[in-house]
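Subject: Structure handover

Hi,

Here is the structure I promised to pass on. Please open it and keep it beside you while you read my notes.

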Amino acid sequence: MSDHHPTGFSRWLFTTNHKDIGTMYLVLSFTLFLIGGLMAMVIRAELMYPGLQLVAPDFFNQMTTVHGLVMVFGAVMPAFVGLANWLIPLMIGAPDMALPRLNNWSFWILPFAFTILISSVIASMLGGGPAPNFGWTFYAPLSSKYGPASTDFFIFSVHLMGISSIMGAINVIVTILNLRAPGMTLMKMPLFVWTWLITAFLLIAVMPVLAGTVTMLLTDRHFGTSFFDAAGGGDPVLFQHVFWFFGHPEVYIMILPSFGIISAILPTFARKPLFGYASMVYATASIALLSFLVWAHHMFTVGLPLAGSLFFMYMTMLIAVPTGVKVFNWIATIWQGSMTFEVPMLFALAFVVLFTIGGLSGLMLAITPADQQYHDTYFVVAHFHYVLVTGAVFGIMAGVYYWLPKWTGVMFDITLAKWHFWCSVVFVNLLFFPMHFIGLAGMPRRIPDYGLQFADFNFWISIGGFGFGLSQLLLVAVLWKACVQRKGKKVDHQVWEGAEGLEWTLPSPTPYHTFSTPPTVH
Amino acid sequence: MSEHPNKYYIPEQSKWPIIAAIGLFVTVIGAANFIQQSTDFVKNEGSLGLYLLIAGFLILVYMMIGWFRDTIKESLAGLNSKQMDTSYRMGMMWFIFSEVMFFGAFFGALFYTRLLTVPWLGGAGSNAMTHEVLWPTFQAMWPLVKTPDGTTLQAMGPWPLPFLNTALLITSGIFLSIAHHGIKTNARRTVVINLGISIVLGFTFLCVQAYEYYHAYHALGLTLHAGIYGSTFFLLTGFHGLHVTIGATLLLIMWCRILKGHFNPDNHFAFEAAAWYWHFVDVVWIFLFFVVYWL
Amino acid sequence: MDRITTTWLRPLLAVVPGILSRPLFAELQYDLTPGVTQISQDVFHLHRLMLYTCTAIGAGVFIFMLYAVLKHRKSKGHKAAQFHESTLIELTWTIIPFVILILMAIPATRVLKNMVDTRESALTIKVTGRQWKWHYEYLIYENDNSLKLSFESQLSTPREAYETPLRASGLFPLGLANYSGEAPKATNKDVNYLLEVDKPVVIPTGKKIRFLITADDVIHSWYVPEFGVKRDAIPGFINEIWTLVPEGKEGIYRGQCTELCGKGHGFMPIVVDARRPADFEQWLADSQEAQRIAAEEAANSVDATFAMETLLEEGEQAYLTTCAVCHQPNGQGGGAIPALAQADIATQPERIGEHINVVRNGRNAMPAFKDLLPPKTLAAIITYERNAWGNNTGQLVQPKDVVHDQ
Ligand code: HEA
Ligand code: HEA
Ligand code: CUA
Ligand SMILES: [Cu+2]
């Protein structure tokens with residue numbers, strides 16, 4: 001069974017091949033990125049001018065909510081799983097993922113889950129009841145007693161996403177622990193594999209808690225329980241605790257694999273080994289462990305007991321240390337290197353700068369008294385878009401540009417890709433940087449209309465938003481040419497001059513089955 | 001990892017995953033509709049939700065039978081290498097870990113409400129005003145037999161039913177271990193008998209649990225509606241009961257497979273997985289017995 | 001330069017940090033307010049400390065990067081060094097940030113401890129968030145806990161001002177941030193657009209004020225930037241927070257609800273009117289008196305009967321302020337909110353009792369109004385609903401019909 005593969009629809013429906021499944025994940029993720037992005041465009045269009053312009057306030061809330069959910073669960077997480085599917089077996093010399101059928105199941109749950117979520121938006125647009133409109137954090141009681149009927153469908157779609165993520169994560173862990181080629185010791189694994197190992201652990205630890213959270217929400221809504229209702233001895237704040245116990249590790253789930261990608265790209269284009277491999281591994285593990293002890297930093301204004309506030313403040317601040325170690329190691333890696341600036345490298349460098357900006361604003365948010373001012377303003381929105389868009393998403397884009405030639409066998413259109421990069425960086429900063437200002441000036445998040453003192457900045461932010469959105473059409477064009485039309489210069493197995501690792505020993509495009517007999521690593 | 005006796009087996013295409021995904025999809029759509037229709041939440045009468053739910057379940061059962069039959073065939077055909085066996089084992093262990101975390105969410109809710117929320121509603125910590133202004137007549141206590149809005153109920157003590165249930169599950173676990181040992185030594189009779197007893201004890205547990213619920217609803221006023229005590233009680237014991245059902249069913253399947261002679265001392269992963277699951281359910285119960293019933 | 005150019009420039013310049021643009025565009029706020037209270041100023045200094053430290057760290061990191069990117073490039077013929085791994089360096093860049101963090105944590109801890117200390121306050125006000133207004137209840141003033149004053153405070157910007165089509169504000173409505181002067185001409189929006197209420201909460205300066213914050217329905221959050229106060233209003237619990245506006249800082253302070261609480265979340269402003277203690281006391285006495293008279297009138301009017309026109313007139317007013325947020329001014333509802341126009345419950349004469357009960361006791365997401373509005377207003381609203389928008393039942397509901405469930 002050399003490079004023969006099944007064709008037609010059934011290839012995708014019934015597949016057990018990690019590359020096929022990886023591709024499907026990436027396509028789904030990109031589709032959902034565009035959908036979530038369109039919702040962001042509705043948000044930005046509404047906020048461009050003061051006054052209600054386009055949509056009713058309730059629909060605005062639905063846009064905010066579903067935008068957040070789709071981006072987090074639909075765009076970023078599946079993209080990482082897709083990359084993991086494609087790359088982990090190649091990087092550790094495994095023939096496939098450890099549990100191939102389970103792998104396909106994990107994937108196919110997702111399209112159904114998002115069908116449920118997005119169809120409630122469509123129903124709402126057609127005049128039905130509202131889609132989820134309580135923010136992606138769906139705080140009770142707004143989502144319990146006051147949630148629209150679509151909430152139940154939302155709850156079950158979250159259950160499905162949870163099952164998918166857990167199964168996917170189990171597969172990744174087992175693959176990494178059990179399928180490494182002879183000689184591939186743990187401390188020889190590429191950092192992308194390491195970061196994913198740790199991410200998978202986080203996923204298995206917290207996705208079930210999210211499932212528990214939505215289950216409690218469901219029983220509160222329909223079966224008379226009072227987890228989140230003081231009248232029965234429960235507490236709305238309990239919801240926030242369980243949600244953020246999931247939610248904070250979740251945000252590291254969305255950044256650690258990007259850290260791994262950056263740690264692969266920088267050494268390649270600086271032609272210099274990663275500065276501190278071991279300390280990178282330890283730093284990642286520390287971030288993961290600390291991430292279980294910081295969740296209440298999202299709740300500094302709920303009236304935590306003083307000791308609680310202080311504990312969570314200190315722990316949150318502490319995360320800056322291992323993250324700093326990562327940033328410093330990246331700089332030490334490019335220091336004294338011999339750099340060239342191919343597209344993946346451009347994205348990686350932008351990542352380091354812009355993620356650091358997002359991380360530093362995160363540190364400001366960690367200071368509890370100051371967070372009394374920042375909380376639930378656009379300052380927070382600025383923070384998390386820096387870490388998510390210019391962090392997670394730029395990391396994913398860097399990774400896709402880096403490995404795309406390996407997958408397709410042709411070099412993508414470099415000119416177009418550079419345009420994509422430059423337009424994106426310029427607009428993304430126009431989009432998200434001024435959010436710091438309006439946030440500090442006191443503009444709350446999740447509002448469809450605002451006072452006049454915020455008007456100027458919001459206008460520019462919207463311009464930045466449209467610009468950034470349109471720039472992504474360039475990415476669509478690049479991908480179309482490279483993947484569908486297969487136009488471009490043929491590449492050899494090495495692709496990038498300085499690239500190292502097992503995946504670069506394979507031909508480009510990678511054959512359908514690889515490492516059927518494991519390679520030996522020295 | 002250094003030895004690779006035979007190639008890692010990658011199954012050819014399989015239709016089961018997509019069927020499983022469709023099954024889940026139909027099930028949850030059905031469940032959401034069914035819940036809404038049966039709790040008068042929205043005014044759409046009818047029983048479409050119920051039919052969908054049943055259809056979804058049937059698809060899932062069909063899928064499980066088919067998928068498991070495939071893997072059993074592979075296992076019997078000797079396609080599974082040692083390494084593959086390890087994959088399955090690790091997979092099962094991480095799955096059980098995820099289940100532990102799922103229960104963790106509910107235990108967390110129990111501890112939080114019991115140690116913090118209820119005292120706060122009674123004025124503890126910096127919550128004097130919560131008590132004084134909002135719930136002046138409320139008294140903090142656990143079990144919370146009178147909720148802030150005045151619902152009263154009786155708590156479920158550890159004695160006698162829960163204690164009986166603890167004994168049932170622990171003995172069941174012991175018999176299971178004997179059976180496991182039997183498999184390793186190829187003592188088929190021992191296996192069949194001990195596993196059988198283990199399963200019977202498991203199902204007895206469920207009957208006792210069902211009776212306990214009946215008692216709670218009819219004699220104690222302890223219902224899902226009965227404040228946070230009822231909420232945590234029923235969700236914890238209920239999800240545990242669900243897991244007992246699954247575990248006992250798995251063991252039953254194993255019992256049938258043993259009768260068919262599927263396992264040998266070297267190759268009985270499926271049995272071990274079911275056994276781990278059963279022990280996990282056991283441990284959760286013991287924990288639950290202490291924090292839900294006893295303390 | 002004409003106005004267009006300056007307004008285009010302003011936001012651009014504002015991006016240039018600090019000194020350069022600030023004196024020129026003082027009215028364009030892009031940093032945290034120092035506020036007027038001790039707490040808000042402490043927080044402000046903490047914020048500046050963090051901002052400067054973080055900017056410095058960021059700048060340091062980026063300078064190294066920039067240098068590397070400029071110098072250590074292949075096109076310049078730079079050869080890659082091959083060094084890596086150094087425990088000493090790793091330790092250094094672990095320990096130094098750690099020390100910086102400790103230095104940050106110390107002042108943060110101090111300010112935080114101060115924030116939660118609500119002892120020895122002169123005035124206690126209970127603040128209750130409701131979809132989508134704030135309810136204020138004066139509980140204790142200088143040890144007098146027999147105060148009888150409570151009222152609701154809600155957005156007073158007229159609907160027409162925010163429900164504007166795109167072009168009413170001009171395609172480039174820039175320069176709106178320049179709001180300290182008169183109302184911007186390009187819009188029909190007032191300077192305090194969306195930040196104005198019918199009845200502000202009045203507090204005395206120079207005294208410590210304790211707020212007991214809670215909510216009736218969903219979580220809200222009471223935020224006044226210039227006090228440095230933001231506290232979530234959680235149904236079933238009371239959060240305590242305090243403020244002290246120094247004497248001499250009398251004035252109007254504005255804020256907003258900062259926890260998503262449904263579709264009116266953006267329209268739930270807070271206005272605090274800080275007055276000299278003497279003025280405050282006068283206001284307190286006057287308001288209590290006014291409220292007492294109103295209550296008496298309401299009690300008397302329970303047995304009075306009113307003419308259709310009177311009720312319709314009052315009903316329309318009350319409907320627009322209280323009900324129209326959800327049911328819309330035209331009674332059409334929308335989304336999960338049922339329509340009232342042509343709805344059976346409001347048109348079938350025999351369902352009048354049910355109509356009254358729903359308004360009194362609420363249903364699903366609708367709150368119970370029996371304790372929120374006086375009987376006359378309830379009667380007026382129901383009468384209006386049964387006769388407006390073509391619901392011409394001709395039925396008249398009197399105050400005495402609504403004091404009990406039907
Ligand atoms: C990829 C996602 C991601 C990442 C990586 C982070 C990283 C961090 N986040 Fe963020 N965060 C979010 C996603 C993320 N966050 C989201 C989505 C929300 C909002 C959720 C919602 O409400 O909807 C949020 C909200 C949020 C809050 C709550 C704000 C509020 O609602 O009031 C806080 C508060 O502490 C916080 C803190 C931090 C900190 C301290 C880090 C740290 O990990 C950052 C560490 C990095 C650095 C500090 C920079 C590099 C370090 C150096 C250069 C070393 C030297 C530095 C020093 C010694 C200072 N985040
Ligand atoms: C990884 C996650 C992620 C990503 C990638 C993004 C991407 C973007 N986000 Fe989002 N965002 C969140 C996660 C993310 N966001 C979360 C978690 C929240 C909080 C939600 C909540 O409060 O509950 C949030 C909230 C949020 C808000 C605050 C809403 C509010 O508080 O009311 C805003 C406002 O500007 C915003 C804007 C944007 C924009 C402009 C982009 C852009 O980067 C998007 C760019 C992409 C496209 C535009 C798609 C591609 C282009 C096309 C399909 C062509 C068509 C284009 C045009 C017509 C111009 N986001
Ligand atoms: Cu009230 Cu937001
Ligand atoms: Cu966090």
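How many disulfides are there over all chains? The count comes to 0. Keep in mind that this is a predicted model, and that each value below is computed from it.

**Cysteines**

A disulfide is a covalent bond between the sulfur atoms of two cysteines. To count here, the two sulfur atoms must lie within 2.5 Å of each other. Take C256(B) as an example. C256(B) is in no disulfide. Its nearest cysteine sulfur belongs to C207(B), and that sulfur is 18 Å away. C256(B) has a relative accessible area of 41%, so it is partly exposed. Now look at C423(A) in another chain. C423(A) has 18% relative accessibility, so it counts as buried. The cut-off for buried is under 20%.

**The iron atom of ligand 2**

Next, go to the metals in chain A. Which protein residues coordinate the iron atom of ligand 2? They are H67(A) and H385(A). Each one uses its NE2 atom, at 2.0 Å. H67(A) lies in helix α3 of chain A, residues 57-92, while H385(A) lies in helix α13 of chain A. The pair therefore ties together parts that are 318 residues apart in sequence.

For six octahedral donors, the ideal angles are 90 or 180 degrees.

The iron atom of ligand 1 has H383(A) as its only protein donor. The donor atom is NE2, at 2.2 Å. H383(A) sits in helix α13 of chain A, which covers residues 378-408.

What lies 4.5 Å from the iron atom of ligand 1? It is the copper ion, ligand 4. The protein donors of the copper ion are H248(A), H297(A) and H298(A). H248(A) gives its ND1 atom, while H297(A) and H298(A) each give NE2. These donors lie 1.8 to 2.1 Å from the copper ion. Along the sequence, the donor residues are spaced H-x48-H-H.

Compare the two neighbours at the end of that pattern. H297(A) is buried, because its relative accessible area is 14%. H298(A) is partly exposed, because its relative accessible area is 21%. The buried cut-off of under 20% falls between these values.

**Helix packing**

Stay with helix α13 of chain A for a moment. Its axis comes within 8 Å of the axis of helix α11 of chain A, residues 343-366. The two axes cross at roughly 160°. That makes α11(A) roughly antiparallel to α13(A). Their crossing is left-handed.

Now for a pair from two chains.

**Chain B as a whole**

What is chain B built from? It has 8 helices and 0 strands. Its pattern along the sequence reads α-α-α-α-α-α-α-α. The C-alpha atoms of chain B fill a box of roughly 70 × 45 × 40 Å along the principal axes. Chain B has 295 residues, and 51% of them count as buried.

A482(A) is in helix α15 of chain A, residues 455-484. With a relative accessible area of 0%, A482(A) is buried. A482(A) and P50(A) are 432 residues apart in sequence, and their C-alpha atoms are 42 Å apart in space.

Y384(C) is in helix α9 of chain C, residues 375-385. Y384(C) has 10% relative accessibility, so it counts as buried. The C-alpha atoms of Y384(C) and K113(C) are separated by 53 Å, and the two residues are 271 residues apart along the chain.

Best wishes

Notes
Residues numbered from 1 in each chain as written. Chains lettered and ligands numbered in written order. Predicted model: local features only at pLDDT ≥ 70, side-chain atom pairs only at ≥ 80, totals over all residues. Heavy atoms only, no water. Donors = N, O, S within 2.8 Å, 3.2 Å for Na, K, Ca; no water. Helix = DSSP H or I, 4+ residues; strand = E, 2+ residues; numbered from the N terminus. Buried < 20%, exposed > 50% of the residue type's maximum accessible area, 1.4 Å probe, protein only. Axes fitted to C-alpha atoms, helices over the stretch in contact; angles between N-to-C directions. Parallel < 35°, antiparallel > 145°, perpendicular 65-115°, else oblique. Left-handed = near helix turned anticlockwise from the far one by under 90°.
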